[in-house]
Structure formats: C-alpha cells, structure tokens
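This note is meant for a colleague who is looking at the structure for the first time. Please keep the sequence and the model at hand while going through the points below.

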Amino acid sequence: MDVADIPSVPEWLPDHLREDGIESLYPPQAEAVENGVTEGENLVAAVPTASGKTLIAALAMLASVERDGTALYIVPLRALASEKQEEFAEFEAYGLDVGVSTGNYESDGGWLAGKDIIVATSEKVDSLVRNDAPWLDDLSCVVTDEVHLVDDGERGPTLEVTLAKLRSLNPDLQTVALSATIGNAEELADWLDAALVDSDWRPIDLKKGVHYGNALHLEDGSQTQISVRQNEDQPAAIVRDTLADDGSTLVFVNSRRNAEAAARRLATTTEAGIDDEERDRLADIAAEIRDVSDTETSEDLAAAVEQGAAFHHAGLARDHRSLVEDAFRNRLVKVVCATPTLAAGVNTPSRRVVVRDWRRYDGSTGGMQPLSVLEVHQMMGRAGRPGRDPYGEAVLVASSHDELDELFDRYVWADPEPVRSKLAAEPALRTHILATVASGFASSRSGLLDFLEGTLYAQQTSGRDRLESVTDDVIAYLERNGFLERDADGLTATNLGHTVSRLYLDPMSAAELLDGLDDATDPTALGLYHLVSRTPDMYELYLRSGDEEEYTMLAYEREEKLLGAAPSEFEERFEDWLSALKTARLLEDWADEVDEDKITDRYGVGPGDIRGKVETAQWLLGAAESLASERQLDVAGAIREARIRAEHGVRAELVELASVRGVGRKRARRLFAAGIETPADLRDADKSTVLAALRGRRKTAENILENAGHRDPSMDGVEPDESVSYDGIGGDDSSAAGGSGEQAEDRQAKSDNQANLGDF
Ligand code: ADP
C-alpha cells in the first residue's frame with residue numbers, strides 16, 4: 001500500500017513518511033490499515049520485532065488525533081518511555097503536543113490534559129486512574145506496546161487491569177495492542193474485541209541456527225564453517241567470524257556476572273579487529289564511562305569498551321547503558337554481552353545474535369530452567385539491520401550432538417507459547433481489587449466480579465467459581481486489615497484503604513508498615529530501613545553463602561532497633577527477615593556515607609542496584625510517613641530524616657546541606673569539614689573557602705552558591721583557601737546513586753520514581 005493511500009490520517013503524513021524513506025507500507029502495516037486501524041477499529045498486531053509495529057501505532061494515534069481525540073501509548077519499561085517519546089516528538093513539527101508521563105504516583109498529571117499523544121508505563125497509567133485523572137475520560141485511542149507481557153508475573157497484571165479499566169471508563173475507546181508473535185494472538189484479539197493481524201513477515205530475513213563443533217547449522221539445512229581456534233570458545237569464534245565481515249554481534253547470557261565475564265573474554269577478540277581511529281574514539285567513550293561513576297563496574301566496562309566490547313545489564317547506571325547502546329549503534333563497539341534487558345525493546349539491531357545461555361537460574365525451583373521460546377525468539381529477533389545486512393543470523397550454542405538436536409527442537413523449529421494471565425497471583429489481586437473499589441470502579445462484590453469479567457484472566461478461566469473464590473479470599477484479607485468495609489453486598493474502601501491505593505502500595509506492604517510503626521517509639525534509621533525492606537514492594541538482596549550466619553548475628557546484636565515482632569530462627573519467614581536486614585544494612589551504609597565502591601563490593605551489587613534500592617526505600621518511607629500521619633503516630637520526623645538520609649546518602653548532620661541542588665554527599669562532607677554546616681552558612685560563605693572545599697572547581701562552586709542564594713556567586717578572581725583541608729574525605733561526586741552535579745541531576749530528572757518496579 002502506497003503511503004498516499006492511507007485513509008483518515010493527517011494530510012502531511014505521506015510526505016513526512018517519504019522523507020523518512022518510507023514509500024509504501026510493509027505487508028503487516030497494510031493489513032492493519034485494511035482492518036481499519038486508522039478508522040478507530042480495535043486491533044491486535046502480533047508481528048516480529050523490528051517489523052514496523054511502531055508505525056502501526058503511530059498511524060492509529062495520528063488518525064485519532066486528527067479526529068480531535070487524545071492518544072495514549074503504554075510502554076512496558078520506563079527506559080522505553082523516553083525513547084518512544086523522542087520518536088513521536090517528530091510530530092511536534094506539525095503542531096502536535098507529545099508528552100511523557102513521569103513523576104510520582106500520587107499526582108493526577110493534570111498538565112497532561114492538553115496533550116495529543118501521551119507516553120507512559122502501565123504502572124503510571126494505573127496510578128493516574130487511581131488518582132482520578134479527569135482527562136482519562138477523553139482518551140480516544142490507547143496503544144499497548146509488547147502486550148504479550150501480560151504473561152509477566154510481576155507487571156502483567158497491572159497492564160491487564162489497566163487496559164480493562166480504560167476500556168470500562170470509555171467504551172468507545174480504540175484499543176491497539178502490539179505483540180511479539182505468540183501462540184494465542186487470537187485469544188488476545190477476542191479479549192480486546194479486536195481484529196487480528198498475525199504475521200511472521202520481517203523486512204529482513206532471519207536465519208536461525210545452532211553452532212556446534214566447527215559449524216553453524218542453519219534452519220534451511222545449510223552449514224557454514226566457523227572453526228573454533230585454540231584458546232577460543234564458540235561465541236568468540238562467531239564474533240571473530242562476524243567481525244571479519246565488518247559486522248557486530250549481540251551475545252545474550254543469563255546473569256550479570258556472566259555478561260561481564262563474557263565481555264572481558266570477547267574483548268581480546270574485538271581488540272584484534274579495530275583500527276586506530278576506532279581505538280581513539282573508543283578511548284573517548286571509555287573516559288565518559290569512567291566519568292559516570294568511580295566504581296569497579298564502571299572501570300570494568302570502560303576497560304572492555306577500550307577494546308571494542310561491552311556488557312549491558314540492569315545493574316548499570318542509566319548513563320552507562322545509553323553510552324553502550326549508542327556506541328553499539330554507531331558500530332564502534334563490536335560486541336555487547338547482555339542479559340535479556342536489551343531484548344525487551346531497546347532498538348539495537350546487529351548482524352548476528354548469539355543466545356549463549358538458554359537456561360537461567362530460577363529461585364522458585366532452586367535450579368536452572370530453560371527460557372521460554374518467546375523469550376529466545378525475542379532475543380533472536382534483534383539480528384539483522386534493515387538496509388545494512390542481507391539477512392540476520394541468530395545462533396544458539398550447543399556443546400554436544402544431542403544438545404544440537406535438542407536446541408533445534410526446542411527453539412529453532414518451535415512456536416512461541418501462548419500467553420497466560422497472571423492476575424490470579426495474590427499480590428496482584430490484593431492490590432488491584434483494593435484499587436478497583438477505592439477508585440469507584442466497583443462498589444459491591446458483584447460489581448467487582450463484573451469488572452473482573454473484562455480481564456484476560458476471566459477469559460482464560462473456565463467457570464466463574466474459581467474467580468469468585470479467589471476474589472472472596474482477597475476481600476476477606478482486605479477487610480481483616482482495615483482497608484475495606486463490607487455491608488450486605490456493598491463494598492467501600494476505608495480512609496486507610498484509599499490512602500494505600502493512592503500511595504500505590506501493595507496492601508500487604510501497608511499492613512507490614514503499620515504493624516512495625518504502631519508501637520515504635522523513636523525508631524532508628526536501621527529499624528526503618530529494615531521495616532521497608534521486608535515489605536513485598538522491596539526487592540530484597542539475596543543471602544549468599546556465609547551471609548546467613550553473619551546476618552543472624554547482626555539480627556541479635558541489633559534486635560532492639562528492629563521494629564515489630566522478630567520471627568524465631570525456626571520460622572520460615574526468618575530467612576526473609578535476614579535478607580531484609582542485609583538490604584537495610586546496605587541502605588544504612590549508604591546513609592552513613594560509606595563509599596559507593598565499598599558498598600558494591602560488600603553486597604555484590606552494581607551501582608544501578610544501589611540507586612534502585614535507594615529509590616524504592618525513599619518511596620516506601622514516604623508512604624510510611626503518610627500512613628503514620630493517617631494513624632496520628634508520632635514518628636513522622638524520624639521517618640523523614642531516614643528518608644532524606646537515604647535520598648542523599650548522608651549522615652543526619654548533612655541532611656540540610658546535601659539538599660542544596662548540586663551539592664550531594666561528598667561535597668557536603670567537604671563543605672562541612674571546612675566549617676560550612678548549613679545552607680545559611682553557604683549563602684554567606686567565604687568564597688575562597690568554598691572553592692577550596694570544592695577542590696578548585698569554579699563552575700561547580702558558582703552553581704552551588706547560586707543555588708544556595710549567595711549574593712555574588714561569581715568565582716572570578718577568587719583563589720582557593722590553601723588552609724582548607726579535605727584529606728581523607730574521598731573523591732569527587734559522581735556516584736550513580738544520589739550523587740551530585742549535572743549528571744546526577746539529569747539522572748534524577750529521567751527517573752520517575754517507579755523504582756519499586758525494578759528494571760529487569
Ligand atoms: P518494531 O516496533 O516492530 O520493533 P520499528 O517500528 O522500530 O519496529 O521499525 C523498524 C525500522 O523499520 C524503523 O527504522 C522504521 O523506520 C522502519 N520502517 C517501518 N516501517 C517501514 C516501511 N513501511 N518502509 C520502510 N521502513 C520502515
């Protein structure tokens with residue numbers, strides 16, 4: 001279909017598409033248009049990665065806006081929100097207003113009311129629904145990216161319920177759902193009353209295969225020789241072979257540690273394949289990486305990048321990740337070793353994809369479990385760069401003949417599994433049933449059941465009995481804990497229930513927090529960090545071998561500081577208690593100004609993990625503050641202090657100083673040591689003292705003085721006061737978590753307080 005023939009879209013669109021090199025629609029896109037996607041019809045498009053799904057979404061949204069509507073684009077990952085917004089921002093040249101909804105969960109995002117296209121995560125949309133954002137009633141089109149993630153145990157239920165709510169708020173809403181190729185696209189289409197485009201068309205051919213011995217066996221029956229040299233493993237041989245043809249490779253592995261180790265190993269292979277100019281440019285990127293933070297992870301990443309290799313996982317700081325992605329897209333970095341984060345939508349195609357690990361550790365079974373076909377196919381779909389490569393190749397790695405056969409059967413020939421609703425999981429139902437009542441979607445048991453009928457879960461559960469019995473259990477739990485009240489058939493949320501729903505807490509987290517706070521007098525920071533760490537909303541740190549003993553000792557030592565009744569060593573929840581204590585101690589170390597690299601070392605985490613824990617703790621402590629005032633408990637001051645200390649990573653005496661923009665933990669400590677103890681001191685400070693404490697960095701000093709409200713922040717002609725000593729206070733601030741300076745501010749701006757969801 002020629003772009004000029006798309007009905008109901010803005011007049012400027014065909015020319016705009018041609019400027020982007022798009023003359024005619026890809027077959028699945030044309031099929032979507034034939035099914036009325038630009039005319040308000042519901043559509044499920046199950047299409048492989050990189051086959052132009054985003055344009056289907058754009059067509060639906062632009063046509064909807066053309067009819068004076070408002071469109072919402074739901075992304076599965078925060079990281080994708082800004083990427084998509086940037087993509088749609090090109091429509092602003094034609095007068096459209098595109099917004100991305102970040103910011104905290106408690107606002108109704110009123111400023112979004114005037115936008116034409118809004119990008120948000122499903123958690124954010126869910127919270128907007130809970131906060132009654134009035135503009136949601138005016139939505140005319142909702143697009144869900146990666147709708148197959150309803151299958152995800154953690155975030156799937158929110159997506160599912162959010163879609164059901166939006167559709168029940170506005171029965172005329174156009175729903176467009178984009179999905180990877182899955183086993184039951186038909187069922188999703190039924191659920192959403194939508195037409196279905198189910199296609200395995202790709203703009204560039206994908207050949208799947210398995211490397212075994214010295215050959216790559218492809219699904220078309222062909223074999224390519226890729227010999228493994230001495231001192232080389234199979235991935236290295238494949239990377240070398242790809243490089244010889246000037247191509248890049250993505251290697252997927254099953255853990256962060258493996259990603260780092262593989263990058264280190266493959267760096268020797270890529271090193272041999274880069275020229276002098278590339279080496280210079282890689283050195284510049286490595287320097288930028290080192291600037292992001294001074295941790296071991298940062299150093300390891302920089303060292304690999306200097307040689308043309310990199311790793312990529314959720315433990316990296318955000319700036320690290322984007323530096324790696326850019327360098328890979330610019331073909332400077334020749335291989336990226338990644339955990340599946342990258343497969344989840346970040347747009348980084350490469351000539352070859354190697355899926356090195358097809359099993360992953362699974363905590364619930366305590367052993368290695370095979371990845372799903374859907375996951376493996378998603379990773380494989382990253383192979384082949386349209387316009388650059390004749391075709392892409394996606395390769396699994398076998399170490400025996402039996403494994404070669406098994407991998408062909410299990411992944412190469414296999415179709416992806418059907419997706420299944422995970423709404424029946426208890427935390428999900430608890431949270432969503434409370435929210436559904438609190439936000440007025442249902443006011444009786446039968447109303448609740450009717451609402452739940454609109455979910456995929458109901459569609460996939462035969463008979464209403466099971467739905468009724470889980471719903472009754474959850475209602476009973478919520479009633480028992482004072483979140484809901486019931487009379488006859490009627491259900492209402494209590495004030496506490498409303499607060500919990502608005503705060504976006506799992507009701508069980510709220511119950512745990514209240515239980516710990518109820519008879520707390522003078523809680524310590526550690527006590528509070530432990531309390532928030534044991535709620536289901538915090539991902540606890542795992543206990544490694546030896547940890548159990550260490551933290552059992554600590555639990556006895558610090559027993560009085562911990563809030564609520566401690567379990568005995570023989571109870572099952574004791575281990576959880578200890579994991580929470582480990583998490584709490586990480587937070588305490590951070591708030592005691594322990595160096596970031598010591599923390600990453602001590603707890604076996606990356607800098608991005610510290611940031612994640614800190615953000616979640618901040619959010620949960622904020623929620624605890626609200627709950628405490630709801631109950632009129634006299635602990636709000638202590639919670640606030642613990643929260644701000646966690647936010648900035650400082651001891652109590654630096655809380656005020658570190659709150660000045662641009663200061664941060666290490667600079668605050670040095671200023672304090674130089675006698676500048678409060679923002680007021682800073683406002684009237686002697687400039688040469690400030691300059692010395694900030695290690696002679698004029699620009700930084702000027703910014704900070706300006707933020708503190710100094711009359712004359714200029715550092716012209718000022719010399720650092722030599723008598724000011726800051727020895728032993730550590731390097732400069734550029735830490736991944738709560739650091740200071742522009743980078744940290746930028747990170748802060750990008751973060752939208754949803755860290756409780758984790759970045760997988
Ligand atoms: P997906 O969202 O399915 O992963 P994208 O929408 O990112 O894939 O599309 C991949 C690439 O294909 C983009 O660079 C996009 O500009 C390009 N593209 C999409 N549709 C067309 C088309 N009809 N003709 C040419 N290129 C297209």
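Predicted model: local features only at pLDDT ≥ 70, side-chain atom pairs only at ≥ 80, totals over all residues.

1. The centres of domain 1 and domain 3, taken over C-alpha atoms, are separated by 28 Å. Between these domains, 20 residues of domain 1 are in contact with 16 residues of domain 3, where contact means heavy atoms within 4.5 Å. The domain assignment of the chain lists domain 1 (3-198), domain 2 (206-412), domain 3 (426-502), domain 4 (507-651) and domain 5 (653-735); such bounds come from an automatic or database domain assignment.

2. Residues are numbered from 1 along each chain as its sequence is written, and side-chain values use heavy atoms, with hydrogens and water left out. Helices (H or I, at least four residues) and strands (E, at least two) are DSSP runs, numbered from the N terminus.

3. Axes here are lines fitted to C-alpha atoms, for helices over the stretch in contact, and angles run from 0 to 180 degrees between N-to-C directions.

4. Within that sheet, strand β5 (residues 139-144) pairs with strand β6 (residues 174-179) in the parallel sense over four bridges. Threonine 144 has alanine 177 of β6 as its bridge partner.

5. Serine 140 is placed in strand β5. Leaving aside residues up to four places away in sequence, serine 140 touches Ser64, Gly69, Thr70, Asp172, Leu173 and Gln174. Lysine 53 is 87 residues from serine 140 in sequence, and the two are 20 Å apart in space, C-alpha to C-alpha.

6. A further open sheet has eight strands with mixed pairing, ordered β10-β9-β8-β17-β14-β11-β13-β12. Its edges are β10 (223-225) and β12 (309-312); each has a single partner strand, so one side of each is left without a neighbour in the sheet.

7. Threonine 249 is partnered by arginine 352 in β14. Helix α12 (residues 318-329) lies across β11, β12 and β13 (335-338), running at about 135 degrees to β12.

8. How do helix α8 and helix α9 pack? Helix α8 (residues 234-244) and helix α9 (residues 256-271) meet at an angle of about 30 degrees, with their axes 10 Å apart. That makes α8 roughly parallel to α9, a term for angles under 35 degrees, whereas those over 145 count as roughly antiparallel, 65 to 115 as roughly perpendicular and the rest as oblique. Pro235, Ala236, Val239, Arg240 and Leu243 of α8 make the contact with Leu266, Thr269 and Thr270 of α9. These residues divide into five nonpolar, two polar and one charged. Ala, Val, Leu, Ile, Met, Phe, Trp, Tyr, Cys and Pro count as nonpolar, Asp, Glu, Lys and Arg as charged, and the others, Gly among them, as polar.

9. Helix α10 (residues 276-292) packs with helix α11 (residues 296-306) at an angle of about 175 degrees, their axes being 8 Å apart. α10 is therefore roughly antiparallel to α11. The residues of this contact comprise nine nonpolar, one polar and three charged.

10. Most residues other than glycine have a negative phi. Aspartate 246, which is not a glycine, has a positive phi of about 65 degrees and is found in the loop between α8 and β11. Aspartate 522 also has a positive phi, near 55 degrees, and lies in the loop between α20 (507-518) and α21 (525-533).

Definitions and conventions: Pairing = 2+ DSSP bridges.
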